[in-house]
Amino acid sequence: MYRLTLVLPALLLIALALPAQQQQPSQNSTATAPKGMDYSAIPVAAAKEPNPVKATPESIARAKKWWTLDCAMCHGENGNGKGDTAKDMKLSLVDFTDPASLKDHTDGELFYIIKNGHGDMPPEGDRIKTEEGWDLVNYVRSLAKKKSETEAKPDSGAKPQ
Ligand code: HEC
C-alpha cells in the first residue's frame with residue numbers, strides 16, 4: 001500500500017510537467033532581442049575571478065586578431081550579433097554594442113564562456129593563452145563602451161531587464 005503513496009505523487013508530477021513543456025515553443029518570439037543566456041552552469045569561483053589584465057589599448061589590440069579570426073563570424077565584426085555564421089546557424093545572439101547586454105555579468109563569467117564554450121558557443125580552449133582570453137573579455141566590453149559614451153546616461157538609475 002505504501003508504495004502507491006510514492007508512485008502517485010510521481011505520476012502527478014509527470015502529468016503536470018507534460019503540458020508545461022508543450023507550452024514552451026513560443027520561447028523565441030522575441031528573436032530580435034534575445035534575453036541572454038543561462039549563466040547558472042558557471043562555477044561560482046570562476047565567475048568571481050578578477051580580470052588580471054587591464055583594459056589598455058594594447059590589450060584590446062591583441063584581442064582584435066582573435067576576434068576577427070574566431071568570433072566575428074558569429075558575433076559580427078562590431079559585436080552586434082549578426083555575423084554570417086550566426087545567420088546560417090539561426091543563432092540569436094545578444095548585441096554587445098548595447099551596454100545593457102553584458103552589464104549584469106562579471107569578467108570571470110565572460111572569460112569562462114570564451115574559454116569553455118556554452119551551448120552553441122564553441123570553446124577557445126587551448127587555442128588562446130590565458131592572458132589572451134582576458135584580452136577578449138576586455139575587447140567584448142569595449143564594443144559597448146562607444147555607445148554608452150555617446151548616451152552618457154548615469155548607470156545607477158537603470159532598471160534591470
Ligand atoms: C559558432 C558561433 C560563435 C562563435 C564563433 C563565437 N560565439 Fe560567442 N556565443 C555564441 C552563442 C550561440 C552564444 C550564446 C551561448 C548560450 O546561449 O549558451 C555566445 C555567447 C557568448 C558570450 C556570452 C554573451 C551572453 O549571451 O551572455 C560571450 C562573452 C561570447 N560569446 C564571446 C565570444 C568570443 C570572444 C568569441 C571568439 C573567441 C566567440 N564568442 C565566438 C556563438 C558564437
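1. In helix α5, the buried residues are Gly-108, Glu-109, Leu-110, Phe-111, Ile-113, Ile-114 and Lys-115, where buried stands for under 20% relative accessible area, exposed for over 50%, and partly exposed for what lies in between (1.4 Å probe, protein chains only). Because seven of the ten residues of α5 are buried, this helix is largely enclosed by the rest of the structure. Just after α5, Gly-117 takes a positive phi of about 75°.

2. The model is a predicted one, in which local features need pLDDT of at least 70 and side-chain atom pairs count only at pLDDT 80 or more, whereas totals for chains, interfaces and linings use all residues. Residues are numbered from 1 along each chain as its sequence is written, and side-chain values use heavy atoms, with hydrogens and water left out.

3. For the overall architecture, the chain holds six helices and zero strands, and from the N terminus on its elements follow the order α-α-α-α-α-α. Helices (H or I, at least four residues) and strands (E, at least two) are taken as DSSP runs and numbered from the N terminus. Of the 161 residues of the chain, 30% count as buried.

4. The iron atom of the ligand is coordinated by His-75 through NE2 and by Met-121 through SD, at 2.0 Å; donors here are N, O and S atoms within 2.8 Å of the metal (3.2 Å for Na, K and Ca), and since water is not among the atoms, sites may look incomplete. The site is octahedral, with angles of 87 to 180° among the six donor atoms of the iron. Four donors count as tetrahedral if all angles lie between 85 and 135 degrees, while four count as square planar and six as octahedral if opposite donors are over 155 degrees apart and all others between 65 and 115, anything else being irregular. Ideal angles for six octahedral donors are 90 or 180 degrees.

5. Where do the two coordinating residues sit? His-75 belongs to helix α3 (residues 57-75) and Met-121 to the loop between α5 (107-116) and α6 (130-151), so the pair ties together parts that are 46 residues apart in sequence. His-75 is buried, at a relative accessible area of 12%, whereas Met-121 is partly exposed, at 25%.

6. Around the ligand there are 24 residues, the closest being Tyr-39, Cys-71, Cys-74, His-75 and Met-121, where a residue is near a molecule or strand if one of its heavy atoms lies within 4 Å of it. By class, this shell has 18 nonpolar, three polar and three charged residues (Ala, Val, Leu, Ile, Met, Phe, Trp, Tyr, Cys and Pro count as nonpolar, Asp, Glu, Lys and Arg as charged, and the others, Gly among them, as polar). An oxygen atom of the ligand is 2.4 Å from an N or O atom in the side chain of Tyr-39, and an oxygen atom of the ligand is 2.5 Å from an N or O atom in the side chain of His-118. The elements that give two or more residues to the shell are α3 and α5, and the largest share, six residues, comes from α3.

7. A search of the whole structure finds three aromatic pairs, where rings of Phe, Tyr and Trp (its six-membered ring) pair if their centres lie within 6.5 Å, planes under 30 degrees apart counting as stacked, over 60 as edge-to-face and the rest as tilted. The rings of Trp-67 and Phe-96 have their centres 6.4 Å apart and their planes at 50°, so this pair is tilted. Trp-67 lies in helix α3 and Phe-96 in the loop between α4 (84-88) and α5, so the pair ties together parts that are 29 residues apart in sequence. Trp-67 and Tyr-139 also form a tilted pair, 5.3 Å centre to centre with 40° between the planes; as Tyr-139 lies in helix α6 and Trp-67 in helix α3, this pair ties together parts that are 72 residues apart in sequence. Ring pairs thus link Trp-67, Phe-96 and Tyr-139 into a cluster, in which Trp-67 is buried at 2% relative accessibility and Phe-96 at 8%.

8. Two loop residues complete the note. Gly-79, in the loop between α3 and α4, is buried at 0% relative accessibility, and its C-alpha atom is separated by 5.0 Å from that of Phe-96, 17 residues apart along the chain. Lys-90, in the loop between α4 and α5, is exposed with a relative accessible area of 75%, and its phi is near 55°, a positive value in a residue other than glycine.

Conventions. Polar contact = N/O pair within 3.5 Å; in protein donor to acceptor, adjacent residues only side chain to side chain.
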